[in-house]
Amino acid sequence: MAIYTVALSKGGSTKTTTAAEIAAELARRGRRVLAIDLDQQGNFSTRLGADDDTEVVAVASEVMTGDATVREAAVPSPSVPGVDLLVGTYDLAGLDQRPEVVTALRDQLPQVAGEWDDVVIDTPPALGLVTLAALAAADVVVAAVACETEAYDQLRRLVSFIDERVARILNPGQQVHWIVPTRYDSRRLLDRDVVEMLNKDHPGRVSSPIREAVAARDAYTSGQPVSVYAPGSGIAQDYAAALAPILDVHRVTIKTTSTN
Ligand SMILES: Nc1ncnc2c1ncn2[C@@H]1O[C@H](COP(=O)(O)OP(=O)(O)OP(=O)(O)O)[C@@H](O)[C@H]1O
Ligand SMILES: [Mg+2]
């Protein structure tokens, strides 16, 4: 089982869009995927087709507090076959005051390695305890960085946060494994500069960029990852190219969880 966490504290930096593409791409490869929405906004749940009519026994926050199990809470994604979902709700907002949530996923996810091959976790735009829990559990940390200076600055914060709060004890050696530059327009000097700076600061860890495309928003409105909403589109092709090394390399470099 490989656990992917998508993070960056900058709001709107395309975390959720990128997390949904990771989940959809893994499912296309025949992997059984568990998607966990840890953002109170619930956008990952919406991107995977869940809405007010989706019936759930429990939600992600209850799994975090130990009031429900992963198996109880998981529901099939209405829009992506092969993906199950822990729905994110407003209750997640209260968890940043609950220290016990920090190790919840790290401790529980290995127990369900027989049921799901991979896990994709979407995080809120904050570096609180909920995001800490997702980083503590992750095998692969992916930073989604929209090509703008603010997101670039927040990447530095994420790197220090992982160094100081995760890499020493919670998940020894944890790091940002991959950076996905998004909303890229090669005609903009700033976008080219951001990608160049990322490659300079994080050589070998920056994926090919994802273009700016209105299909990303349209796909959200129809409750689908963009590669499901518009397969074959330029942005879907960009995601396929960017994710190929991220999803392939881990099979060689990431420790395989012994329970699977
Ligand atoms: N490549 C793209 N081109 C254009 N728009 C995009 C692209 N990727 C994502 N978007 C849009 O940008 C907005 C923010 O994306 P998203 O919700 O994925 O960011 P986020 O980091 O999860 O935000 P938050 O911090 O609020 O959770 C959304 O409206 C999304 O549809
Ligand atoms: Mg989001």
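Here are some numbered notes on the predicted model above, going from the sheet to the core, the ligand shell and a few single residues.

1. Ground rules. Residues are counted from 1 along each chain as its sequence is written, while chains are lettered from A and ligands numbered from 1 in the order in which they are written. As this is a predicted model, local features need pLDDT of at least 70 and side-chain atom pairs count only at pLDDT 80 or more, whereas totals for chains, interfaces and linings use all residues.

2. The sheet. Seven strands make an open, mixed sheet in the order β3-β4-β2-β5-β1-β6-β7. Its edge strands are β3 (75–76) and β7, each pairing on one side only. On terms: helices (H or I, at least four residues) and strands (E, at least two) are DSSP runs numbered from the N terminus, and two strands pair if DSSP finds at least two bridges between them.

3. The β3 end. β3 and β4 run antiparallel and are joined by two bridges, with P76 partnered by D84 in β4. The two strands form a hairpin with six residues between them, and G82 in the turn has a positive phi of about 95 degrees. On its other pairing, β4 (residues 83–86) runs parallel to β2 (residues 33–37) over four bridges. There, A35 stands opposite L85 and I36 has L86 as its bridge partner. V83 and L85 point one way from β4, D84 and L86 the other way, and all are buried. Buried here means 20 or more other C-beta atoms within 10 Å of the residue's own; 12 or fewer is exposed, anything in between is partly exposed, and C-beta atoms are placed from the backbone.

4. The β7 end. Strand β6 (residues 140–146) pairs with β7 in the parallel sense over five bridges; A146, for one, is partnered by T182 in β7. Together with helix α7 (residues 149–166), these two strands make a right-handed β-α-β unit. Right-handed means that, with the strands pointing away from the viewer, the path from the first strand over the helix to the second runs clockwise. Although β7 is an edge strand, five of its five residues (178–182) are buried. W178, V180 and T182 point one way from β7, with I179 and P181 pointing the other way.

5. The core. The largest nonpolar core has 89 residues, and Y4, A23, A133 and V145 touch the most other members. Helix α6 (residues 129–137) supplies the largest share, eight residues. Such a core is a set of buried Ala, Val, Leu, Ile, Met, Phe, Trp, Tyr and Cys residues joined through C-beta atoms within 7 Å. Beyond four places in sequence, Y4 touches I22, D118, V119, V120, I121, A138, V140 and V142. Contact means C-beta atoms, placed from the backbone, within 7 Å.

6. Ligand 1. Which residues are closest to ligand 1? Of the 20 that surround it, they are K15, T16, T17, P125 and A216; being near means a C-beta atom, placed from the backbone, within 6 Å. The elements giving two or more residues to this shell are α1 (15–28) and α9 (215–221). By class, the shell has six nonpolar, nine polar and five charged residues. Ala, Val, Leu, Ile, Met, Phe, Trp, Tyr, Cys and Pro count as nonpolar, Asp, Glu, Lys and Arg as charged, and the others, Gly among them, as polar.

7. T14, in the loop between β1 (2–7) and α1, has a positive phi near 80 degrees despite not being glycine. R183, in the loop between β7 and α8 (189–201), is another non-glycine with positive phi, near 50 degrees. Are they buried or exposed? T14 is buried because 22 other C-beta atoms lie within 10 Å, and R183 is buried because it has 24.

8. Y229 sits in helix α10 (residues 226–229) and counts as buried because it has 21 C-beta neighbours inside 10 Å. With residues up to four places away left out, S45 touches D37, A50, L85, V87 and G88. The C-alpha atoms of S45 and A215 are separated by 18 Å, at 170 residues apart along the chain.

Conventions. Two residues are in contact if their C-beta atoms, placed from the backbone, lie within 7 Å.
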